Structures are given as C-alpha cells and as structure tokens.
Protein chains: 2
Amino acid sequence: MPIDTEHPAPAPDTVVSVDPRSGRATRTSLHTTTDDEVTAISRRAASAFPRFERAGRAGRARFLRAIAARLELHRDEIVSTAQRETGLPTARLTSEHARTCYQMRLFADVLDEGGYLEAAIDHAADTPMGPGPDLRRLLVPIGPVAVFGASNFPLAFSVPGGDTASALAAGCPVIVKAHGSHPLTSALCHQAMAEAAAETDIPADVVALVFGQDAGAALVADAHITAVGFTGSLSGAQALLRIIGDREQPIPFYGELSSINPLVVTPAAAAARGAEIARGFVTSITASGGQLCTKPGIVFVPDGPDGDVTVDSLRSALAASDHQVLLNERIHRSYLADSTALASLPAVDSVLTGTAAGPDGFSVTPMVLTLRAGDLSEASTTECFGPIAVVARYGDEAELRTGLERLPASLTGTVHAEAEESGLLAGLSELLRPKAGRLIFNGFPTGVRVSWAQTHGGPWPATNTVHTSVGTTSIRRFLRPVTWQDAPQPVLPEELRDGEHRIPLRLNGTLILP
Amino acid sequence: MPIDTEHPAPAPDTVVSVDPRSGRATRTSLHTTTDDEVTAISRRAASAFPRFERAGRAGRARFLRAIAARLELHRDEIVSTAQRETGLPTARLTSEHARTCYQMRLFADVLDEGGYLEAAIDHAADTPMGPGPDLRRLLVPIGPVAVFGASNFPLAFSVPGGDTASALAAGCPVIVKAHGSHPLTSALCHQAMAEAAAETDIPADVVALVFGQDAGAALVADAHITAVGFTGSLSGAQALLRIIGDREQPIPFYGELSSINPLVVTPAAAAARGAEIARGFVTSITASGGQLCTKPGIVFVPDGPDGDVTVDSLRSALAASDHQVLLNERIHRSYLADSTALASLPAVDSVLTGTAAGPDGFSVTPMVLTLRAGDLSEASTTECFGPIAVVARYGDEAELRTGLERLPASLTGTVHAEAEESGLLAGLSELLRPKAGRLIFNGFPTGVRVSWAQTHGGPWPATNTVHTSVGTTSIRRFLRPVTWQDAPQPVLPEELRDGEHRIPLRLNGTLILP
C-alpha cells in the first residue's frame, strides 16, 4: 500500500501524519528534530533536573494532577486526532485517554504516600565488626529519561504514558521521541503537559518532544540521558541497545519488546465452556486490530469433541469478525508478509479467516492457523503484530507440555481450567511462571489494569528488565539509592530527618507506618 | 616482580596459590574449569533452581544460618589460608570473616521478615476503565547467578560474600568464579557452604565454584545464567559486558568498578581538627594496603596556615606509615606504573611517601601527591589501587567546586565541616549527591556497615546499576515481579493467599503490617 503523499512532495524534514484508514499522508507544521536541537533539549532537561527535584513530592504530585486535568480539558481534540492518526475506534481511545489520566493521578497518590522512596534509617550501633555509623537511605531520581512512544497506544504508552508518568513522578525530566504513527496527537499531549507545567510552576524543560528516528538515536547517545524507556519491536530495541553499548557511560534500557502470550484451554474447560472461551479469544485477538502487546498469540486446545466444538466456535466467531485497520504502513506490510509465511508453514492444518480486508488504507483480514502442539516451531511461536493467532491442538498433557516448553518467554501466560483439575492447574502454573510476568486464570491477557499489584514485564524477549513498566512499582526504574552517613539534620532530605515520620520507614530493620 | 614458581612447572590447568609477601607460587590440587565443566555446572544449577525455591523462605534462612555456622567452625583455617594468599593482616581478615557470617544471618532475617517480596494485592474493583481483576504480586528469583569474587575481599566479596548471600537469599543458585588471588580460600569457603547445604537439605548444586578466566567468560556466556554480580576493574567489567552483548538473551550485569571517593576538608574543619583529619586520612588510604573500593583517593585541603598544618600532619603520618603488601602481581605492577606516572604529572607540586617498599613479594611504598584543585585532570582523578592518594589544595570555594566538578562519580563522597558552615555544607552535599551513592560527614568512607539502610553503589563508573551491592536491599537485584490475576487460592504462593498475612503487604494500595 503506497502512501498517497500530497504534491508537491514535502520537504525532507517535514513530519507527515498518515490516516491508516485511507493511507493518505498529510503535511504537518512539525519538523524532524536535528541533532543539534536534541543536544540543546537534553542539556536544558539536565539543567532543569535539580529545580524539578526541588519541587518535592508535593510539587510533582500537583504537576501530575494538573497534567490529568489538562488532558481532560483537551480530550475531544486529542481523541479525535488520535483516531485520525491510528484508525483505532473512538471508544477504545476514550478509554485509553481515561486510563492515561487515571495513571497520572495514581502516580500523584504514590508520591503522597511516599513508600516508593524505600526510606530506611539505621541508628548508630555496636555491631560484631565494631561501632556502626548512623545511616539513612532514600531513593533519588537518576536524571533525564528518554521515552520512546509506542505505535499502538498513542496516549497510555506515548507522550503522557506510563513511562513518562513514572519518570516524572520519580523526579526525572522526560524527553519523548514521538512515534511516527501519531505526531499530531503527540504534539497535542505535549502542549497539554506544557500548560500543566506552567500552571504549577514546574520548569518547562521537564517535558520535551523530539521527532524522527535520527533524533531518537541521538537522544539515546546523548550524555545527559540516564535511562531509556521503550515499547516497540525487538529489532528496534536491539538497534538502541547497540547505541547504548557505544556510549561512554552505559545506561539502563527498559524495553518491552515481543510477546506470544500463550493461553491454555484444559480438557475440562473445553467441556464446560469451550464455545465461550473461543468467542472471548477472538475478541481478544481482534481488539485494537490485534496490535496489543498482550494479545494471546497462541491457544492450546485439546483433541476430541470438546476441543472440536471450541475450534468450531472460534471459526464462527472469527468468520463474523470485521476486517481490521492496522496502525501504519510498516505494520501492514509486515502483517501481509508474516501471515502469508505462517499460513504456508507445512505444519499448518487449516487456515481460518475473518472478514476480508477492505480496499483502502492499511486494512487486513483476521486469521487463525491450526496445527499440532507437537509441531510448534520457532516460526510458529514468534509474535506477529495484528489480528492473527495460532491454535495448537494437543492429544495429552505430555504434548501440551512439549508445546509450552518450546515457547519463548512472554509478558503473560493464561490458563482456562476447571476447579476439579487442581493437579493440572498447579503443574501448568509452575511451567508458565518462569516464562511470564503475569499469570491469568479463566480470563484474557488483553486489558492491563493500572494498579499497585500489576506486572507488565517478563523474561527476555518480553522485556530485558527485572521491573514492570505498568503499575505503581514501575517508578523504581528511574530511581537509585543514596545513603547519608552521620549527616547533620539540615543536610538530610526532610523524609529522613528526626521527628514525626509521614511516610513508611524501615527503622533499624523494622518497617513502621506513619 | 617475577613469580617464583616451583620446578618442574605445573601443568597449564593447575591452579597456583601465591603468597604476596614472598611472591612465591605453590601448586594446588585445584584445576581450571573447562568449558564443558562450566556447561555441566550451569545446567545442574538450573535444574536445582526449582527445588531450591521450593525450600521456601524458611528453608533458605536455615541454609544461610548453617553457612554462617560452618564458616565459623572452619574459621581458623579459612582466616590463616586467606592470610597466606592475600597478605592482609589477620585482624582485618578476622573482622571480614565476622562480617561475612553476620551478612549471612542478616539475609536470613530478611527472609524471615518478608518485606523484600514487595507483596501486593489489589482486589477486583470497578475502575474508570471498567471492572478490574484481582491482582496479586510478589517478587520471585530470576535463576542461576554468576558471581565474580573480588581480589581485595577474599571472604566478604568472594565465595561466601554479599553477592552470593543476597542471591541465595533471593532463591537463586550461585556459581562463583574464584578470584585467582585466593583459590584455596575460595575452595575452603565453598566446602563449608556445601556442608551447610547437606545439613539443611538444600540441593548441592545450588553453590558451585569455577576456576580460571576462561571459565568466567564461559559462565557469563552460558544460557542458564540469568545475572552477573561483579566486583573488580573497569576493564574487566567491560570485557564481561561485551560477552553479555553477544548473548542471545541479555542479562543484568551488576558491576562495582572504579571509585575515586573524594573527601573535602572545609576551612573551619581544617582549623578545628586538621591534624586529626590528616591522621585519619592516612589510616584510611593505607588500610588493607589501600586496596579498598572506598579508599578516599583525593582529599581537598584549603590554602592557608590551617591547610598547611593539615598537610604537614598528613606528611608526618604518612612518613610513619608502614610499607604495604599488595594482593597480587598484576596489582603490584599497576601500582608501580600508575604511581610513577601520577608522580611525574607536571601539575604535581610535591610527593610525600611512607616507609619504602621491602625487598620481597609485592611490597610497595605508600604515596601522596599534592597539587592544586584547579589543576586536576583525568589523569589525576582516576582510581589507582593501592596506598596512594592526591591532596588537592584550593584557594576558595570556586576552586573547590571546579575541582569537584571534574571528578567522575564514585561510591562515596565525604565532607569534613563544622556546624557553623551550614551554607557551604548544604552546597557541597548538593554538589556531591549526583556523584555518589553514599555521603559521609566528618568520617571516612572506608568501612561499609552491612545493614538495612546501606548503599554501596553510585553512578558510572562507580557501578552500572540502580541498586546497592551491600546491605539488605541488594537482594532486589536477583528478583523480578510476577502477578497472578484472578488466581485460584491453591495456585498462589502462600504469602499471597487470603487469610492471616505474616509479612508486610500492600493491600489495595495501603501498606499493612503483619
């Protein structure tokens, strides 16, 4: 699908906005950021850093709440712009907008509560190795953070998304590399955040935006950047990791990359509610055009009549499903190539499809391939972005295990089982846990609740980190510990001074609450 | 100083033990570990991993306490062997032994308390984005960990050291690459740990030992290894980071590398107690042969009579200090080369020395160079292992700041100041905090208390991590979060089940204590 650009061709540094439903590109007034501009932006972020930290937890909480309010003020324009740039349904984007505002306010609550600081005080004491000094520990922000917006979440994983919210809450200035799929949405969100900064007396340079792939690379190489948050492809991540490898000072890279998200239907679950699970599965793989990082890319279904009913229901639900519009030309091209390659694997027994792709833009046909769990290979277990999944049939638990063991690690693993299958359930949980960051029971992995107990992460290639990128604890990525030894009271951060403690504190090893 | 090896020359795979006081090498019955052996050891560690985790917090706490008891049982042999292999004083090694046992027991306490699990439960609830599922989060061990023993701490940062203790506490099997400076000490400690495993029903493969640089490289490349703990040189770290860069699956590298540890004497502190500070400084830079990662490598002293008295006292204390035996031939050779290069820098005003090196083994002369803070350069601010330091004189606060700003980041930063200098003290603390993980006031950075509030880490090149490597929170390096969504009770780890909670828990966002 060639892009139908306007004539005359835009200047090479002009940012274009593409409507994926038509494939039509429109010139914007935005331009790609030059290396010199990136350097200047990073330097300004670094010099705003100490002032931003001095705003304190209360000042940053005010700022985050003001961002939420400004995003709400501009909601209609943001959602309609995002809709034009991504082709995602308005209902989905409205929900994503609500989630984005909720996330900002949740991190403000995290700041109010203060437990994330991991405050600890060890009073001076005799130890088996002699007298020990007074030690007081707190987490402090690491410095300016580069965030790469994701194609598939123009709000919740982009300019005002989770990486940004958690880094700002930590006290780190953020420079976002806007995703090429939604530049106008990015600029609108950035504008709302700039208004919130002005309103709450936060330095304007605390949130910045750059455009273009070269600008992203320059940002990651910049000496002022202290960490990178990234949601995107494995190949994109590997390119950025190479840049980090060439830096004089290595920095943490928090990447969320690739995930196949297995879903197991046990024999009893197939018998009890195979058709219902199949319908839920089709909804889950077609939601947002199948472009969710938690899309269940592979479902294990037992052999036999109950499994057959499950697959038949899946076939019907898929046949009734609409064709889907993908986010951009690259994803569209990849889907066409990868789905064709998958469908022609010798191991594939049958190919089920939904409504055929429409004639315009980046439209595609939803697709499900069936094969044997014992025939799973690297090719059939690699994530394919878009409304496509694999049904792996299994004859017995041994074949199911063989199939699961061949899978790479994922963000999630899901089991549909019945209460009487306690042994099988325990075994599957144990098998899946080393391969996932979230285990779901009798549900679907799409839909990631933003809360305190959430984990959105998993072993490589799902992520390359030991932290979550969604939920309150994602703030830990942008903090490092500092200890003050025998410090005079005025030098200490107020949370560590003697007197009334207003946050959770570990005092001589014992956790105490305010 | 050529090594005086025995005749006939040992086979190439024989591990030798060298006495640094004489430089004499003795053949041992140990041999360097082959690549095939490394592969087998890693595979066994991986297969012991689930069994080790099943021992639970209580089982692992018992194991750690048994290790401490076994290390104590074999203390005399361990300390005397370490003394022969490192040349460190017996008093220092006895204290290090006590610290090592204390550390094991402290991590057992951490397991008993359970707060390190960061347990959180969010009950199912309505959210602005619709109904949210029940989520329950816990940290779980990541898998087998490779630990590189340090030359300068044959116990507390080697086989039974902090990386090992924290990884075992987390539930991760550990494979230690023994440092070539103390192979027999390493084997003895490993033996004590193996006895503790047998005694407490822990799989023997949970602690393993490999010898030789090639074995270390093979270990880091091995697919079963999930993290690396390293204390050593910047160049050693960079070599291992390159191996990690070539792995199919990237893994976290927790390295503690290089640290200059600035110490500032303010004008009032010089006036009040310059001589006392100078004596403490000389003790601090000559302790353990100046081979501590927290050795203050540079001290800022004001111009004027009080500063002159400080430097005079330093000269006297240094002149009275003994010559020092370094740990091995490589460190000895580096010291001779680097101290000569430092002393001949054009900026150096004078060279102060201690007792001249003895004729045998790896003996060296303690040395202090004086220059102007404004003349500090990369060459004069790079860590030099051994009993050497720089005195940087400053005329005013501006020159002091100029000097401090030229320093790379460190593990520690120290200020000696008087109460009346509150403005200067605040300014220096603010300037040093971005450059250190621990700020010390009116003390010395050597001596790292093992406790809950400790931080042993700092920005690059001190470390490359956002975690500490000493103290209870170092356990976080070897854990990753997992969330169970809508899980049946029996599938959940016992800490997350409904009922009486015995560990700190964040319930619907509120931290509650047991």
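Over all chains, this structure holds 50 salt bridges. The model is predicted. Side chains of opposite charge can pair when their charged atoms come close.

**A salt bridge within chain A**

- In chain A, the side chains of R70(A) and E199(A) form a salt bridge, with a distance of 2.9 Å from N to O.
- This pair links distant parts of the chain, since R70(A) lies in helix α2 (residues 56–73) of chain A and E199(A) in helix α6 (residues 183–199) of chain A.

**How the two copies are related**

- Chain B is superposed on chain A by a rotation of 180 degrees, with 0.0 Å of shift along the rotation axis and an RMSD of 0.0 Å.
- The two copies are therefore related as by a two-fold rotation axis.
- Both copies use the same surface, for 100% of the contact residues of chain B recur in chain A.

**Extent of the interface**

- The size of an interface is often given as the accessible area lost when the parts come together.
- Between chain B and chain A, the buried area is about 6000 Å², and carbon and sulfur atoms give 59% of this area.
- On the side of chain B, the residues that lose the most area to chain A are R433(B), R449(B) and V466(B), which together account for 13% of what that side buries.
- The contact involves 72 residues of chain B and 73 residues of chain A.

**Charged and polar pairs across the interface**

- There are 6 salt bridges across the interface of chain B and chain A.
- R433(B) forms a salt bridge with E53(A), and the closest N and O atoms of this pair are 2.8 Å apart.
- R433(B) is also among the residues of chain B that lose the most area to chain A.
- Between chain B and chain A, 42 residue pairs are in polar contact, counting pairs with both residues at pLDDT 80 or more.

**Composition and strands at the interface**

- The side of chain B that touches chain A consists of 37 nonpolar, 18 polar and 17 charged residues.
- Strand β21 (residues 479–485) of chain B gives the most to this side, with 7 residues.
- Strand β21 (residues 479–485) of chain A pairs with strand β20 (residues 438–441) of chain B in the parallel sense, over 3 bridges.
- W484(A) has L439(B), in β20(B), as its bridge partner.

Conventions. Residues numbered from 1 in each chain as written. Chains lettered and ligands numbered in written order. Predicted model: local features only at pLDDT ≥ 70, side-chain atom pairs only at ≥ 80, totals over all residues. Heavy atoms only, no water. Least-squares fit on C-alpha atoms with pLDDT ≥ 70 in both. Contact = heavy atoms within 4.5 Å. Buried area = accessible area lost by both parts, 1.4 Å probe. Salt bridge = Lys/Arg side-chain N within 4 Å of Asp/Glu carboxyl O. Polar contact = N/O pair within 3.5 Å; in protein donor to acceptor, adjacent residues only side chain to side chain. Helix = DSSP H or I, 4+ residues; strand = E, 2+ residues; numbered from the N terminus. Nonpolar A, V, L, I, M, F, W, Y, C, P; charged D, E, K, R; others polar. Pairing = 2+ DSSP bridges.
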